[in-house]
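Open the model in your viewer and keep the selection panel at hand.

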Amino acid sequence: MPLWRIDHTEGIFTDEDKARLAESVTDHYARFGLPRFYVVVLFSETSASSFYVGGEPGTPAVRVSIDHIARTSPDEAARQRTAAWIGRILGPFMARIPGAHWEFHADETSRDLWLINGLVPPPEGSEAEQEWARSNLPSVY
Amino acid sequence: MPLWRIDHTEGIFTDEDKARLAESVTDHYARFGLPRFYVVVLFSETSASSFYVGGEPGTPAVRVSIDHIARTSPDEAARQRTAAWIGRILGPFMARIPGAHWEFHADETSRDLWLINGLVPPPEGSEAEQEWARSNLPSVY
Amino acid sequence: MPLWRIDHTEGIFTDEDKARLAESVTDHYARFGLPRFYVVVLFSETSASSFYVGGEPGTPAVRVSIDHIARTSPDEAARQRTAAWIGRILGPFMARIPGAHWEFHADETSRDLWLINGLVPPPEGSEAEQEWARSNLPSVY
């Protein structure tokens, strides 16, 4: 967690774009104290004949599906702030592709059903989590 | 939203099948007043050696994962009606492939964690949502 | 349900590994009484330039996203037991790849939004579910 699954049509992102977007996303979570290795970003390119927006193929499109696990929004306002910053990260990348459809949604799932390298990730804000962030590696705590 | 992720084994759908299925799905949501461009359908073909049903490869199979965001079912009966109409859309496509395993499940996630083209989608049933549906485009409201 | 979506970098699994892992996963659920065909395991290989861990490409990695539908954990302890056994299934496969990042999370969604071959799966623990398990086929009940 977080997991960003970025489905897109052909020709949207260069490898450099992907690297920069993945770095922007990771930087953001790291500023909130999450270990960088918590952030996984997957890009998946789909041909026009397999990617439909509004029932039509051929629209340049990016559809991002996000799973949040380590942190859960306490209320509606927090969720809206989360959506806003995600939008601000994606916006500059999408502004260069006029006419593209771009959309994301995020789901929040239980920390209890989550392991990294076989370990239960340390509690939010704990000393162990800070150590995982500093070393950028999971370790027994 | 809705996002339909359709994972399938090889040779299940022709390009024409995909276009017709995506259109059927989109038509259904549009009848409930959703803008057509809310509906994204992604097809992903997986080879037999990477698609297991019951621990065995080689079964012709379609596994649909749906995310619903714009509308949430108020109760069990509404969820069952939703499952029923999804089944009626997929059924005719699957009936032509005897012996195939076909299955779907839907998740319902928060509207607050959802943006399209950087905009918060208008409230359910609002005038702005109707305008997005009429123009089939997102716009500032 | 359950659906295991296993995204991995190149060269992690041989076809034989995939078959053995899918079988291990399916065996586990079957011991809890689930029909084997409920278990769908999808492997998806992603190139280094499309798979980022901590903002960096190139880490050998396995990211598993699981959807649980047929059974829901009643409480935190049950969720932790579920995470533990999933970790025990994946661990031996991952131990052979030193330095790999491996992670999973599971989501639990509503049984009401789920059909197999157009049928509402029988209630948990019912005679009909046991018959589906015995025959390893969905049937009208």
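Select chain B and chain C. Between them the count is two salt bridges, a salt bridge being a side-chain nitrogen of Lys or Arg within 4 Å of a carboxyl oxygen of Asp or Glu. Zoom in on Asp7(B) and Arg5(C): they form a salt bridge, with the closest N and O atoms 2.9 Å apart.

Before going further, note that this is a predicted model, where local features need pLDDT of at least 70, side-chain atom pairs count only at pLDDT 80 or more, and totals for chains, interfaces and linings use all residues. Residues are numbered from 1 along each chain as its sequence is written, chains are lettered from A and ligands numbered from 1 in the order in which they are written, and side-chain values use heavy atoms, with hydrogens and water left out.

**Stop 1: the B-C interface**

Stay on chain B and chain C. Now show polar contacts across the interface. The rule finds 16 residue pairs, both residues at pLDDT 80 or more. A polar contact is a pair of N or O atoms within 3.5 Å; within protein, one must be able to donate a hydrogen and the other to accept it, and residues adjacent in sequence count only if both atoms are side-chain atoms.

Next, colour the elements on the side of chain B that touches chain C. Those giving two or more residues are strand E1 (3-9), strand E3 (51-53), strand E5 (61-68), helix H2 (76-95) and strand E6 (101-108) of chain B. Helices (H or I, at least four residues) and strands (E, at least two) are DSSP runs, numbered from the N terminus. Which element gives the most to this side? E6(B) does, with eight residues.

You get eight nonpolar, 11 polar and eight charged residues. Here Ala, Val, Leu, Ile, Met, Phe, Trp, Tyr, Cys and Pro count as nonpolar, Asp, Glu, Lys and Arg as charged, and the others, Gly among them, as polar.

Select the whole contact set. 27 residues of chain B are in contact with 28 residues of chain C, contact meaning heavy atoms within 4.5 Å. The two chains bury about 2,400 Å² between them, 54% of it on carbon and sulfur atoms. Buried area is the accessible area (1.4 Å probe) that two parts lose on being put together, summed over both.

Now pick E3(B) and strand E2 (residues 40-46) of chain C. They pair in the antiparallel sense over three bridges; strands pair if DSSP finds at least two bridges between them. Click Phe51(B): its bridge partner in E2(C) is Leu42(C).

**Stop 2: the C-A interface**

Switch to chain C and chain A. Here 27 residues of chain C are in contact with 29 residues of chain A. The buried area is about 2,400 Å², with 54% on carbon and sulfur atoms. The salt-bridge count is two. Select Arg5(A) and Asp7(C): their side chains meet in a salt bridge (2.9 Å, N to O).

On the side of chain C that touches chain A, E6(C) supplies the largest share, eight residues. For the strand pairing, select strand E2 (residues 40-46) of chain A and E3(C). They run antiparallel over three bridges. In E3(C), Tyr52(C) is the bridge partner of Val41(A).

**Stop 3: a sheet across the chains**

Show the strands of all chains. In what order do the seven strands of the open sheet lie? The order is E7(A)-E6(C)-E5(C)-E1(C)-E2(C)-E3(B)-E4(B), with mixed pairing. Its edge strands are strand E7 (114-116) of chain A and strand E4 (56-57) of chain B, each pairing on one side only. Inside chain C, E1(C) and E2(C) pair in the parallel sense over seven bridges. Look for Thr9(C), opposite Thr46(C) in E2(C).

**Stop 4: the axis**

Superpose chain C on chain A. A turn of 120° and a shift of 0.0 Å along the axis does it, with an RMSD of 0.0 Å. The two copies are therefore related as by a three-fold rotation axis. Find Asp107(C): in chain C, its C-alpha is the nearest to the axis, 5.3 Å from it.

Finally, compare the interface residues of chain C and chain A. Only 7% of those of chain C are also interface residues in chain A, so the copies meet through different surfaces.

Notes. Least-squares fit on C-alpha atoms with pLDDT ≥ 70 in both.
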